[in-house]
Amino acid sequence: MSADSGSGQSPSNAKYLLLLVVVVLAPVIFTWLISPSGKSDADFDRLLNAGKTYYDSGEAQKAIDAFSQALKHKPTETDLLLNLANAHRMANQPAEVIKYASEALAIDNNIGAGHFLIGCAHLRLNQTTNAIQALQQAYDIDNTIGAVGYLLGKSKLAMGNVEDAVLYLEEVATYEESHLGAAYTWSQALMQANRPDEAKAALELHQQRIADKQMPEDQAAWETCVYTEVKIPFKLDQPLAAGIAVKFVDDTVKAFGGNAAHYAGPFGVIDFNQNGINSLFVRTSTNTFRTLANTNGVFAAVGMEFPALTNANYAKCLVGDLNNDRFNDVLMIGDQGSHAYRFATNGLARDMSRFSRLSSLKAVDALIADIDFTGKLDLLAIQPEDAGLKVFRNLGSLYFKDISKTSGIPTQITGALKLVADDWNNDDMLDVIIPRKSEPPMYLQKQRGAVHSPTNTLPAKTAVMAVATGDLNNDLRIDLVTLANGKVTIQFNGLEENQTLNLAKPGAADLLLVDYDNDGWLDIFALGQGLQAFRNKGTAGFEDTTAALGLDSVTGAISQLAAADIDRDGDSDMILADDSGLKYLRNDGGNQNLQLKIRLYGNRSNASGLGIQVEGVTGGLRFKRTAQVLPVEIGVGTNALLNSLTARWFDLSLNNVDVEVKRDETVTLTELILPTGSCPYLYCWDGERFRFVTDLLGAAPLGLPVAEGVYIDADPDEIVWIGDETNFKPIDGNYRLQITEELREILYLDEAKLIAVDIPAGTEVHPNPRLLPHGSYPPAGLVALSKRSPLKQAKRSDGLDVTAALQENDDDWLSPVELREPQLRGLAKPYSV
């Protein structure tokens, strides 16, 4: 951004200000389509290879036909969708390119090739602004692809964003020596940036590289890169037909020291020292709650006992870090009231029920999840007697606020049985599924930037007793398992095919998905009157392994089943609650395969990582798991090394490569701490460098809440003081300003102009910006001040004299007395001056 300094002499006391007008553009929402499923892997391979052959030989339409037929076999295969998009690119059909690339991104939004192909298609449609948006996303995912940087830089240049164009094109010209166009376009950008000497050098570099070569004229040539190559979809190995030998051995007496009948459900599995040792929080026969510490697979009471309510029926024990202090806490949910317990080192707990404001909550089921993306675990609960839902926002420090009336989540739901949270539609946001007594499950889809809204896109169309979710066919999509009328139904996401399992025992009431043999495929357990288990055999379906696992001897009414590696031998054991107390079923044999143990270490997201999805890929195996409960234990078969392990955090997906899997180690996945939002930054040339002036347009945000359901009215006009002739100087007759988007917000600027103000010596001029909760705003204007009185004295509330720090605008800053806890980044404890 530059402005002519004029031919005349600048006034000696001129003050320069920048007037900015910002406009907001509406987001574009892409949808994706699902094609029907097809027949066999042999046909798929044949069609895939045929499509690749046609594509490599330039026969676009034949490639389109082959890939389209292959897509009917595997409609959710992202590589195949990208192949089809590329074939349409070859056929110069940009609308179809956008369609299929968008379908791939609907499955996984972090595919650089998808964004790149959409950007290329928009360029062919002469939609440069849309192209820049897509290419920028591709660049942010991987900035090492030369074609991405080149097309992005060229597009920026076409839109007049010269400074950015220079940066992108310089990068490509420097690191991609074989690129025939980067140096030439870079020279053009440098000329437009009034840097003729550098432009001449870039042009000479271009001439050296183009010698004896021909500049491509076809747009497709500039697009050619790794993203335009045909991809061979991942070859998923199927589980072994026979599998490994696994038995669940009843070791209750040893584990509980003969006191198992003294304990009851609901219970929670809790690793209170975050060291991989899974202990329990249980209800006792004397109507109290207490912690049972695990030592080498043996549980012993530790710490205080906490009283329960008389005649209360407790339905759920929820475990997670509710205070973001790196210790997991506990909520015990009951129909007469609920309890909250804050944990610290070695299982020591405090009763926070009254402080939490949950003691009066009456509920028959509940879940904890970060429903409002604040980095804290909120609470959703089903009230007894068909009274609907309750929604509580976690305000920190185990303090909850009832926001049922203002949350936007529909709470008047009749017949609600359970609450399940998972990302059904693969948009990286937690949805909520609620099975109901006499109606189909309600699916509350989390809308980006909005609330959970009911939709009818769930495949279950009849009433069910229970729901479980997880990726059962390892296609990186969450599938739905339902229980109704003595049958378990598996409905695969994005596919028309279903599988139905008949239960041999009546009375099943709930479901649990656990990979008991660590082969990387989720198995199914149905609990109620006894246990029934079904091993996942991939495309071969599910096999009833209840008797083979030794579970046919488990009888009685089972109210809860949980899986965790209690004896730390590398496989998931079972803890169950029935009418006689608690039982411990030791997993013998599952550790013949390897198990990946993960600790999610959230920073911007909730500290426990609940709701976060973990994806892994290695030779022949890929998986997606949602951290619905703790601990996170994932079978990986015989794979001792994972090629890729990705945690899909609140702000970004963090990928780890070459992750070793060891039985005695927990892999910690830490969320990077990134700045998450700020106003744009303004810089000006001071004669030696670009000097930071200020952030700006702080009163023009979109969607900034000031209260529950109340958003600030944006003030789009602002005047910003830049400086005077001593610190704002022209370059070759032009004043140059730079506005940067430093963090994760987007600036839409409609107008910017420079204002020069001539004032008498000893006078200061200041703009009059105001940040108000609502409009209307006064017009942007200036205020002139004179006769400045020096500061006499300033003291901080702790008595420290801070006069020197505040006397002048000299980068000598006043610091607060003390910062708040880490989860309140950027905030200080109250103090005054």
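The notes below cover salt bridges, aromatic pairs and charges over rings.

1. Basis. This is a predicted model, in which local features need pLDDT of at least 70, side-chain atom pairs count only at pLDDT 80 or more, and totals for chains, interfaces and linings use all residues. Residues are numbered from 1 along each chain as its sequence is written, and side-chain values use heavy atoms, with hydrogens and water left out.

2. Salt bridge total. A search of the whole structure gives 32 salt bridges, each defined as a side-chain nitrogen of Lys or Arg within 4 Å of a carboxyl oxygen of Asp or Glu.

3. Lys52 and Asp56. These side chains form a salt bridge with an N to O distance of 2.8 Å. Both residues belong to helix 1 (residues 41-56) and are 4 residues apart, about one turn of the helix. Helices (H or I, at least four residues) and strands (E, at least two) are DSSP runs, numbered from the N terminus. Lys52 is partly exposed at 28% relative accessibility, whereas Asp56 is exposed at 52%. Here buried means under 20% relative accessible area, exposed over 50%, and partly exposed in between (1.4 Å probe, protein chains only).

4. Lys418 and Asp510. A salt bridge joins these side chains at 3.9 Å, N to O. The pair links distant parts of the chain, 92 residues apart: Lys418 is in the loop between strand 15 (400-402) and strand 16 (420-422), and Asp510 is in strand 24 (residues 510-514). Lys418 is partly exposed at 29%, and Asp510 is partly exposed at 22%.

5. Arg648 and Asp428. The closest N and O atoms of this salt bridge are 2.8 Å apart. Arg648 in strand 35 (residues 641-648) and Asp428 in the loop between strand 16 and strand 17 (431-434) are 220 residues apart. Arg648 is buried at 9%, while Asp428 is partly exposed at 37%. Shared partners join Asp108, Asp428, Glu615, Lys624 and Arg648 into one salt-bridge network.

6. Aromatic pairs. The structure holds 20 aromatic pairs. Rings of Phe, Tyr and Trp (its six-membered ring) pair if their centres lie within 6.5 Å; planes under 30 degrees apart count as stacked, over 60 as edge-to-face and the rest as tilted. Phe281 and Phe289 are stacked because their planes are at 25°, with centres 6.2 Å apart. Phe281 is buried at 0%, and Phe289 is buried at 0%. Trp685 and Phe690 are edge-to-face, with centres 5.2 Å apart and planes at 70°.

7. Charges over rings. Lys74 lies over the face of Phe44, at 4.4 Å from the ring centre (NZ of Lys or CZ of Arg within 6 Å of the ring centre and within 35 degrees of the ring normal). Arg604 lies over the face of Phe650 at 4.1 Å.
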